[in-house]
Structures are given as C-alpha cells and as structure tokens.
Amino acid sequence: MKRLVLVGLLVLAGCARTPPPPIAQPRYVVGEPYQMGGVWSYPREDFALNQTGLASVIADQRSGRRTANGEIHDPTALVAAHRTLQMPAVVTVTNLESGLQLQVRVNDRGPANPGRVIDLSRRAGELLGIRPGGTAQVRVEVVGEQSRGISAALPNTETPALQIAAAPIASVEREDLAPPPGAAQAARVREARRLPGDGRAGVAEQAAVSVAPDRLPERLVRVAVMPGSLYVEGATFSRRDMAERQAARLAGLRPVVEAQGPRGRQTFRVRLGPFNSVPEADRALEGSLRAGVSEARILVD
C-alpha cells in the first residue's frame, strides 16, 4: 500500500514539473542590430517601406514556436518574417510574376537567406502561388495606417524611432478575386482604440488610427503582372568617385556605376546584372558579400 502511495506521489510530482504551454504575449519591437546568415541587419521603424526582391516560404513551419515579437507562430495565418521592419507591421505583398496580392503581418525576423526580402508563412505562400523551397519576384509595401495603429496599441518598451512620412503611391487597377479554397469568409476586425493622453486635440485625432486584427483576412486581389529583371545592388553614393571605389572591389563581377537624378543633384549606385535566373543572382550576391559589400541585396527592376 505504501509503495502505491509513493508511486502516486511521484506521478503527481512529474506532472507538476511539466511546463505549461507557451502563452502569446505580442509586443511592439524594433530591436537591436543582429547577425543572421553571415550578414548584419539594422532594424528601424519604417512606415513607408516599398521594396522589391525575392520572396520565399518560411522553412521552419512548426506551430507553437515563439516569434521575435513574442507571438506564437501559426503557419496557417497570414504572417511573415522581415529583416529590418518593426514588428508587427502589416505589409502588402504582390507577386510580380502572377499579379496576386495579399496583406500579411510581419511578426518575426528573417529570412535567413540574405538574398530573400521576405519569408512567408505556408498559407500566405499558398495563396500567392509560392511553393516551399521556391521563390517569386515580389514587391513589399508597408500599410502605414494599420502599422501605426499596431505601434500605438501594443506594449512598447523601446524608445520610438523617427517616423517616416509615407510617400504617395500611384494608383493601380485591381479586381477582387473569389475567396480561395480554405479562405476565411469573414474578417474579425478590431475597433480602433483611443490612445492614452491628456485630452489634447492632436492626441484625439490619432485615436482614429485603425488597428490590424490579430488574424488578417484572406483577401486575395489581382493586379497587373509586372515581372522584372534581377539585379544585385550595392550602396548609393553622393559622389561618383566613392561609387567607383566600391565598384573596384567588385571588379571580377562586372559592376556598373549608374547615375540617378537631375544634374547637380545626382546620386550614383553600384549594380550587377541583369541576371536571367535566381541562381545567377544568388552567386553574384554571394560574391559581393565576400568582397565586403555588406549592403548588397537582390532586387527586381
């Protein structure tokens, strides 16, 4: 009898030591510089980001792991990883090769591959037509209003960085598509919340900023198909001689120094390409990084 009691107590003790399941505690994060995939990244708050590049699908699709801003990863949700954006941020991702467009929420750091601009969850990749292990040319644009709403609504222990005003974006003809298989039929929308403040008019006006829902709706849109050529771009300089010095470091990769802007206010960028395939662009990027051009990246133009 004593032996049975002892066994029961041991079983209860073992159960007591079992760690509880993780609880999602999302917070607003910008973060410090970090190294991933051999490349340093410098996160910053940016509500006007508009960039092109190659998208991939997150390789680690485990449900339940913790993301960089304290959320629990859900591969069936429309979420993504970005190297430098504040988290969370709502971005519009357009597959330039298919014209499919979708909003996703950035809540993690990545991609580990420095030649990719964004890593998409499994579900977001499915909807945009990007298979695991594959890539697609994309444009990534921050949805400023929703992203600002998140920054105001979530706990934030960091000192806010300088906010960048959104630049005007040209209108694009678009059409709504029928809900894709498995798409949510209704979006849960969170009511805009009033910011804490002292009652001043300026604070009251900011209270109208909308907040993105925890789970974005699967609202797929079709826009014009606009595939481009792949380039590897280094830094942009205010003086040609500085650009030529960087180009000299890439001499074996046949770099080109290009002038941009009106005469007297020109800037000069260093480029490699165009490339006909992703492997070619990847090799050029690898060579650029080996040559010490740490800011080199793949873009679509």
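Predicted model: local features only at pLDDT ≥ 70, side-chain atom pairs only at ≥ 80, totals over all residues.
## A pair across two strands

The strands E12 and E13 pair in the antiparallel sense, over 5 bridges. Between these two strands of the hairpin there are 6 residues, and Gly261 takes a positive phi near 90 degrees there.

## The sheet around E13

Strand E11 (residues 230–237) and strand E13 (residues 267–275) run antiparallel and are joined by 5 bridges. Here you can find Thr236 opposite Arg269 in E13. Another contact to look for involves Arg271: its charged end sits over the ring of Tyr231, 4.4 Å from the centre of that ring. How many aromatic pairs does the structure hold? The count is 0.

## Helices beside the sheet

Next, turn to the helices.

Helix H5 (residues 240–249) is where you will find Arg245. Is Arg245 buried or exposed? The relative accessible area of Arg245 is 51%, so this residue is exposed, as the cut-off for that word is over 50%. Along the chain, Arg245 and Val270 are 25 residues apart, while their C-alpha atoms are separated by 9.8 Å.

## An enclosed strand

Let's move to another part of the chain. Strand E8 (residues 136–142) has 7 residues, and 6 of them are buried, so the strand is largely enclosed by the rest of the structure.

What does E8 pair with? One partner is strand E3 (residues 50–57), which runs antiparallel to E8 and is joined to it by 6 bridges. In this pairing, Leu54 stands opposite Gln137 in E8. Another partner is strand E5 (residues 89–95), also antiparallel, with 5 bridges to E8. There, Val93 faces Val140 as its opposite residue in E8.

A helix joins this picture too. In helix H3 (residues 144–153), the residues Gly144, Gln146, Ser147, Gly149, Ile150 and Ser151 are buried. What do the buried residues of H3 pack against? They pack against E5, strand E6 (100–108) and E8.

## The whole chain

Finally, step back and view the chain as a whole. There are 6 helices and 14 strands in it. The chain has 301 residues, and 42% of them count as buried.

Contacts tell us how the chain folds back on itself. Among contacts between residues at least 6 apart in sequence, 75% join residues at least 24 apart. The accessible surface of the chain comes to about 16,900 Å², and carbon and sulfur atoms account for 54% of that surface.

Key: Residues numbered from 1 in each chain as written. Heavy atoms only, no water. Helix = DSSP H or I, 4+ residues; strand = E, 2+ residues; numbered from the N terminus. Buried < 20%, exposed > 50% of the residue type's maximum accessible area, 1.4 Å probe, protein only. Contact = heavy atoms within 4.5 Å. Areas by Shrake-Rupley, 256 points an atom, 1.4 Å probe, with all protein chains shown as cover. Phe/Tyr/Trp six-rings, centres within 6.5 Å; stacked < 30°, edge-to-face > 60°. Lys NZ or Arg CZ within 6 Å of the ring centre and 35° of its normal. Pairing = 2+ DSSP bridges.
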